[in-house]
Amino acid sequence: MVQQKAVSTNGITEGVIWKQLLIFFFPILFGTLFQQLYNTADAIIVGRFVGKEALAAVGGSASVLINLLVNLFVGLSSTTTVAQAYGAQDYEEVGRTVHTSVMLALTAGAAMTLVGLLCAPAALRAMDTPAETMADSIVYLRVYLLGIVASFLYNIGSAVLRAVGDTRRPLYFLIAACLLNILLDLALVLGLGLGVFGVALATLLSQIFSALLVLVTLLRSDWPLRLNRKELRFTASSLKGILRVGIPAGLQADMYAISNVILQSCINAFGTVTIAAW
């Protein structure tokens, strides 16, 4: 009975094909857009209320490095093999893949956070980030990196929900998190005068909020999507399938982001004002 309920939630295989594809596609499109809006909102607010140095710090080198991570997460997460197992009605494999995916987000996210925190200054120097924006760029990037696990969890959880045809709730969660980010940006920058650290903290808290919404949804879902903390572990076959598809997809998603890193490095040579304008 539980399986029938779960199967009935996936409407992408029913009705007019092109309509179902568009219903599935647009929430993913807007979801990616809203993830980019975290940084955009931060840049707008510090540029308006703090100054051009803060705008260059948030919207320059740190921004393109963040986009590199966001694209990687979206690429990796979008290839979770839950959809394949769900379509084959292999519900035991669905459960194993869900828990393996969440474990991957936790462990890989923690590893990337550690590496990122250590390497952030070197990465910014390699991009010729101007000295007058370096301190703020490091602060913004490091605080953002503390939210990698949350960002990865949101993307993995959203991919699991989309795998069974639920494309709307992940988008709603992300819209709510973006609105929270804007409100916190204004409160921390205008109200408390925290500047670049304030917008970075706002983004961190918003990412945690979106991740919690997705996790609560999975914890309350019907079997086989239900997340059980006691079952969180890697399953070799599931992990192999995720990485086999996810790593090439993540690298492909990062191609434009890598080119933007190179382009930003060239822009940085012209100084803070040019970076802020760019």
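**View A. Contact between helix α6 and helix α11 in a predicted model.** Glu-93, Arg-96, Thr-97, Thr-100, Ser-101 and Leu-104 of α6 meet Ser-237, Ser-238, Leu-239, Ile-242 and Leu-243 of α11, where contact means heavy atoms within 4.5 Å. The residues of this contact divide into four nonpolar, five polar and two charged. In this division, Ala, Val, Leu, Ile, Met, Phe, Trp, Tyr, Cys and Pro count as nonpolar, Asp, Glu, Lys and Arg as charged, and the others, Gly among them, as polar. Helices are DSSP runs of H or I with at least four residues, numbered from the N terminus. Because the model is predicted, local features need pLDDT of at least 70 and side-chain atom pairs count only at pLDDT 80 or more, while totals for chains, interfaces and linings use all residues. Residues are numbered from 1 along each chain as its sequence is written, and side-chain values use heavy atoms, with hydrogens and water left out.

**View B. Geometry of the α6 and α11 pair.** Helix α6 (residues 91-126) and helix α11 (residues 236-253) pack at an angle of about 65 degrees, and their axes are 9 Å apart. Axes are lines fitted to C-alpha atoms, for helices over the stretch in contact, and angles run from 0 to 180 degrees between N-to-C directions. The two helices α6 and α11 are therefore roughly perpendicular to each other, a term for angles of 65 to 115 degrees. The crossing of α6 with α11 is right-handed, which means that the near helix is turned clockwise from the far one by less than a right angle.

View C. Thr-100 is buried, with a relative accessible area of 0%; buried means under 20% relative accessible area, exposed over 50%, and partly exposed in between (1.4 Å probe, protein chains only). Not counting residues up to four places away in sequence, Thr-100 touches Arg-233, Phe-234, Thr-235, Ser-238, Leu-239 and Ile-242.

**View D. Contact between α4 and α11.** These helices, α4 and α11, pack at an angle of about 145 degrees, with their axes 7 Å apart, and their crossing is right-handed. Asn-71, Leu-72, Gly-75 and Leu-76 in α4 meet Gly-246, Ile-247, Ala-249, Gly-250 and Ala-253 in α11. The residues of this contact comprise five nonpolar, four polar and no charged.

**View E. Ile-66 in helix α4 (residues 61-77).** Ile-66 is buried, at a relative accessible area of 2%. Leaving aside neighbours within four places in sequence, Ile-66 is in contact with Asn-39, Tyr-140, Leu-141 and Tyr-144. From C-alpha to C-alpha, Ile-66 and Tyr-91 are 35 Å apart in space, although they are 25 residues apart in sequence.

**View F. Helix α8 (residues 148-163) and the glycine after it.** The 16 residues of α8 reach 22 Å from the first C-alpha to the last, close to the 22 Å expected at 1.5 Å a residue; the expected span is 1.5 Å times one less than the number of residues. Of these 16 residues, 15 are buried, so α8 is largely enclosed by the rest of the structure. Gly-165, which follows α8, has a positive phi near 95 degrees.

View G. Gln-89 counts as exposed, at 53% relative accessibility. Asp-128 is partly exposed, with a relative accessible area of 48%.

How values were computed: Angles under 35 degrees count as roughly parallel, over 145 as roughly antiparallel, 65 to 115 as roughly perpendicular and the rest as oblique.
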